[in-house]
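I opened my notebook to look up a few things in this model, one entry at a time. Come along and check each entry against the picture.

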Amino acid sequence: MRERLEALRDEALAKVEVALDVKALQEVRVAYLGKKGPITEVLRGMGKLSAEERPVIGQMANDVRDAIKEKVNQKEVELEQAAIELQLASESIDVTLPGRPVQGGSTHPLTQVVEEVENAFLGLGFSVAEGPEIEVDYYNFEALNLPKDHPARDMQDSFYFTEELLLRTHTSPVQARTMEIHKGKGPVKIICPGKVFRRDDDDATHSHQFMQMEGLFVDKNVRMSDLKGVLEQFAKSFFGEDRQIRLRPSFFPFTEPSVEVDVSCGMCGGSGCRICKQSGWIEVLGAGMVHPRVLEMSGFDSTKYSGFAFGMGVERLAMLKYDIDDIRHFYTNDMRFLAQFKRV
C-alpha cells in the first residue's frame, strides 16, 4: 500500500509538471484526486488494514493528496501568469506613438465679436450693463421718448405678450433702467450687449432674433465731439488703424441730434468697390446726443447733464469684418462655417 501511494504521488507530480495549460492540469487533478481517483480508492480500502497500519497509511494518503493538490495549485498559478504574459505580448501598446488628436471646440463668432467690442470700450472706461429680455412697454418705448401713439414705433414691429409686456426690440431699455438707478447723478458710462427680437422676415440680412451692442455716456459737458472721438477710437480698434469714420444726419426719437455712422471701406480704401457699393463708405451704426426728454424721464436735469448714445448690430459688425454674406450662417450650427473662427 505504501509503495502504491508513493508511485501515485510521483506519477501525478510528473503529469502536473508537463501540463501545458489549465485544462490539462484540471484533468490531472480529477484523475488523481477525484471521487473515482486512485487516492480515494486507497482511503476507501482502509478498513481492510490492521489497526497498526491504518493510521500510518491514512496519514501517508493524506500527505500524498496534499502534495498533489499543492503542486496542482502552484502549476495553475504559473500557467495563468504565462497566459497573461502571452496575451500582453500579443496585444502590446506602443505608448511612444502620438495620441489621436481630440477635436476641440471654439467660441462662437458672435461671442468673439461681442468680447472684442467690449474690450475696446472697457479700455475707454465703459462698464458692461445687462437687463431683461422680456421688457415692459414703458422701458422699451415710453422712457425712450416713444409714447404709445408715436409713429416711430412702426419701425420696430414687436413681439407682445400683453399690451404692456413684450420681447425687447433693442437694448436701449438697459440704458433707461441704468440712468434711473443713478437717480440723476452722473456719470453713467455703459455698454449694453444682448439679444433683441423683432418681427422681421428672415433673409440674408434680417433675422427675428439678433444681437445689439449699445452704449451710453451721461455726464456734465458731454459733447458731440466726444461721441465722434469715442466712435473713431472704436472703429480703429475693431476694423483697423487705417479706418476712418464719418457722421451723417439722421433721426432717432431718443437722440437729438442723431447721426448715422459710416466707416471707410477696408476692401478698397475708400476708392469704391462692390462691398461699399462704389461709395467708399459702409454704414455700421446709429448714434446721437441723448434727447433732453429722455434724460428728464430718467431723473437727470437736462440743464446740467448731457450725453450721447450709440447702437450697433453685432451680426452686422461680424459680417463686415469677416465678409460674411448671410446672417443665417450664425444660427444654423454648420461646423464647416464655425470652424473658420477657431482661435489659435
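This is a predicted model: local features need pLDDT of at least 70, side-chain atom pairs count only at pLDDT 80 or more; totals for chains, interfaces and linings use all residues.

Is Q278 buried or exposed? I looked up its relative accessibility, found 58%, and wrote down "exposed", because exposed means over 50%. I placed Q278 in the loop between β7 and β8 (281–290). Its phi is near 65°, a positive value in a residue other than glycine.

**Entry: another positive phi**
I then turned to N145, where phi is near 70°, again a positive value in a residue that is not glycine. I found N145 in the loop between α6 (137–140) and β3. N145 has 9% relative accessibility, so it counts as buried, the limit being under 20%.

**Entry: the whole chain**
I counted 11 helices and nine strands in the chain. The radius of gyration is 43 Å, while the globule rule gives 20 Å for 344 residues, so the chain is more spread out than a compact globule. I also noted the box filled by the C-alpha atoms, which is roughly 130 × 45 × 35 Å along the principal axes. Buried residues make up 42% of the 344 residues. Of the contacts between residues at least 6 apart in sequence, 66% join residues at least 24 apart. The chain exposes about 19700 Å², and carbon and sulfur atoms supply 53% of that area.

**Entry: what the record says**
I checked UniProt, where an unreviewed entry annotates residues 110–340 as "domain: Aminoacyl-transfer RNA synthetases class-II family profile". In the model, the end C-alpha atoms of residues 110–340 lie 13 Å apart. This span is 27% helix and 28% strand.

**Entry: E135**
I found E135 in strand β2 (residues 134–136). E135 is buried, at 0% relative accessibility. Its side chain makes a polar contact of 2.7 Å with the side chain of R177. P173 is 38 residues away from E135 in sequence, yet their C-alpha atoms are 7.9 Å apart in space. Leaving aside neighbours within four places in sequence, I listed the contacts of E135, among them N140, E164, R168 and P173.

**Entry: H170**
H170 sits in the loop between β3 (165–167) and α7 (172–182). H170 is buried, with a relative accessible area of 2%. Beyond its neighbours within four places in sequence, H170 has contacts that include L144, Q156, R198 and F254.

**Entry: two cysteines**
A disulfide needs the sulfur atoms within 2.5 Å. My tally for the structure is zero disulfides. Both cysteines are buried, C268 with a relative accessible area of 18% and C276 with 4%.

**Entry: cis peptide bonds**
I noted a cis peptide bond joining G186 and P187, with omega about 0°. P187 is in the loop between α7 and β4 (188–197). Another cis peptide bond joins E256 and P257, where omega is also about 0°. P257 lies in strand β7 (residues 255–264).

Note on methods
Residues are numbered from 1 along each chain as its sequence is written. Side-chain values use heavy atoms; hydrogens and water are left out. Helices (H or I, at least four residues) and strands (E, at least two) are DSSP runs, numbered from the N terminus. Buried means under 20% relative accessible area, exposed over 50%, partly exposed in between (1.4 Å probe, protein chains only). Contact means heavy atoms within 4.5 Å. UniProt positions are given in the numbering used here, feature names are shortened, and annotations may be inferred rather than shown by experiment. The radius of gyration is taken over C-alpha atoms; the globule rule is 2.2 Å times the number of residues to the power 0.38. Accessible areas come from the Shrake-Rupley method with a 1.4 Å probe; for residues, only the protein chains shown count as cover. A polar contact is a pair of N or O atoms within 3.5 Å; within protein, one must be able to donate a hydrogen and the other to accept it, and residues adjacent in sequence count only if both atoms are side-chain atoms.
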